Amino acid sequence: MNTLSYKTVSANKKTVNKEWVVVDANGEILGRLCTKIAMMIRGKHKPGFTPNVDCGDNVIVINADKVKLTGDKFATKQYISYTGYPGGQRFISPKELMAKHPERVVEKAVRGMLPKNRLGRALFGNLHVYAGAEHPHAAQSPKTV
């Protein structure tokens, strides 16, 4: 019996195969889209997934300004931030955030689905979100999902 075929293969920085992927967010529901994006960034869709290694793909999200929220969340949901000063808690709704920075709605949703540690911060660098249909990553020849 060949025991070598039963070895568990753990990926590392040198052996991982990272790809570039384009995701079109036009008309998609925010949470459902971002769970798939977070899974691709983490690398959980690959058979050689290793939890402590950045083995996911680089994801480019286009048309982030056309993403949808179900129900009344567009007006009632609130993102909370804190300036660090007393009384410095700030609230902003997705409606206001979409008017100023439409790509941040997708970024905040994906960031919340990634690990809250050093690896999660590094993985977040593999996400590139753009409000329009154009992106500057044509040289990487990304696949469309």
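**View 1. Asp54 pairs with Lys18.** Asp54 is partly exposed, with a relative accessible area of 22%. (Buried means under 20% relative accessible area, exposed over 50%, partly exposed in between, with a 1.4 Å probe and protein chains only.) The side chains of Asp54 and Lys18 meet in a salt bridge, 2.9 Å from N to O. (A salt bridge is a side-chain nitrogen of Lys or Arg within 4 Å of a carboxyl oxygen of Asp or Glu.) Lys18 sits in the segment before β1 and Asp54 in the loop between α1 and β2, so the pair ties together parts 36 residues apart in sequence. (Helices, H or I with at least four residues, and strands, E with at least two, are DSSP runs numbered from the N terminus.) Lys18 is partly exposed, at 30% relative accessibility. This is a predicted model: local features need pLDDT of at least 70, side-chain atom pairs count only at pLDDT 80 or more, and totals for chains, interfaces and linings use all residues. Residues are numbered from 1 along each chain as its sequence is written, and side-chain values use heavy atoms, with hydrogens and water left out.

**View 2. Lys143 bridges to Glu19.** The closest N and O atoms of this salt bridge are 3.1 Å apart. Lys143 belongs to strand β6 and Glu19 to the segment before β1, 124 residues away. Lys143 is partly exposed at 46% relative accessibility. Glu19 is partly exposed too, at 29%.

**View 3. Asp57 meets Lys46.** Their side chains form a salt bridge of 2.8 Å, N to O. Both residues lie in the loop between α1 and β2, 11 residues apart in sequence. Asp57 is buried, at 2% relative accessibility. The model has three salt bridges in total.

**View 4. The largest nonpolar core.** This core has 29 residues. (A nonpolar core is a set of buried Ala, Val, Leu, Ile, Met, Phe, Trp, Tyr and Cys residues joined through side-chain atoms within 4.5 Å.) Leu30, Ile37, Val110 and Leu127 have the most contacts inside it. Elements giving two or more residues include β1 (20–24), β2 (58–62) and α4 (103–113). Helix α1 gives the most, with seven residues.

View 5. Most residues other than glycine have a negative phi. Asn63 has a positive phi of about 60 degrees. Asn63 lies in the loop between β2 and α2 (73–76) and is buried, with a relative accessible area of 7%. Phi of Ser141 is near 45 degrees, also positive. Ser141 is in the loop between β5 and β6 (143–144). Ser141 is exposed, with a relative accessible area of 58%.
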